[in-house]
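Visitor: Could you walk me through this structure? I have not seen it before.

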Amino acid sequence: MSSAIAVEKKKLKNPPLQLHYLGDKVLRQPAKRISKVDEEIRKLAREMLQTMYSSDGIGLAAPQVGIHKQLIVIDIEPDNPANPPLILINPIIKKSFGDICVEQEGCLSIPGVYLDVKRPEMIEVAYKDENGRPQSLKAGGLLGRCIQHEMDHLNGVVFVDRVENALALTQELSKNGFSHQAVKSIV
């Protein structure tokens, strides 16, 4: 994996981008495809990574920082400096396979809320890297789930929209100061 995107994996007092939270309209707007991968997009990816690391995240989609572009940054090993982050531009899930698995998810846009979500075990995703080169990746486990979670953001979907346990959802949201009205259930 190449990386033209080098950022130190550390918390910043003032991350470069502002996170948006559940209830904010920007999280519900579909992101637009990126027509040209250039230095501006790489700068955005770097700033998204710095913002993600500053919030102890492992994934971040551009709509979460109010930018409607199909750009995702992921690092499921934020404590491992040798593991480069993954940058996905215009990602498309080509296919999903394996079992449907239930795992707990959280989101930087809904801090403190962790709930069970069903997703396919494995996916194959096509995307462009930070140099604009077409790539393909088969991913399962945490990486596969993280890619699916972040790709939902590109379509205006937040993980709580996929939660089937309505009681747990309502309790977790209210306990953490979020309105159940902000959920747009798709299950």
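**Helix H2 and its surroundings**

Guide: Helix H2, residues 141-154, has 14 residues and reaches 21 Å from its first C-alpha to its last, close to the 20 Å expected at 1.5 Å a residue. That expected span is 1.5 Å times one less than the number of residues. Helices (H or I, at least four residues) and strands (E, at least two) are DSSP runs, numbered from the N terminus. This is a predicted model, in which local features need pLDDT of at least 70 and side-chain atom pairs count only at pLDDT 80 or more, while totals for chains, interfaces and linings use all residues. Residues are numbered from 1 along each chain as its sequence is written, and side-chain values use heavy atoms, with hydrogens and water left out.

Visitor: How many residues of H2 are buried?

Guide: 12 of the 14 are buried, so H2 is largely enclosed by the rest of the structure. Buried means under 20% relative accessible area, exposed over 50%, and partly exposed in between (1.4 Å probe, protein chains only). Among the buried residues are Leu143, Cys146, Ile147 and Met151.

Visitor: What covers them?

Guide: The cover includes strands S1 (59-61), S2, S3, S4 (115-128) and S5 (134-140). H2 lies across these five strands, S1, S2, S3, S4 and S5, and runs at about 120 degrees to S3. Such axes are lines fitted to C-alpha atoms, for helices over the stretch in contact (heavy atoms within 4.5 Å), and angles run from 0 to 180 degrees between N-to-C directions.

Visitor: In what order do the strands form the sheet?

Guide: The order is S1-S2-S3-S4-S5, in an open sheet with antiparallel pairing. S1 and S5 are the edge strands, each pairing on one side only. Two strands pair if DSSP finds at least two bridges between them; S2 and S3 have four.

Visitor: Which residue of S3 is the bridge partner of Val73?

Guide: That partner is Ile87. Helix H1 also packs on the sheet, touching S1, S2 and S3, and its direction makes about 45 degrees with that of S2.

Visitor: Changing topic, how many residues are in the largest nonpolar core?

Guide: There are 21, and Val73 and Ile87 are among those with the most contacts inside it. A nonpolar core is a set of buried Ala, Val, Leu, Ile, Met, Phe, Trp, Tyr and Cys residues joined through side-chain atoms within 4.5 Å.

Visitor: Which elements give two or more residues to this core?

Guide: They are H1 (39-54), S2 (71-74) and S3 (86-105). H1 gives the most, with seven residues. A second, separate core of 17 residues includes Val113, Leu115, Val117 and Val158.
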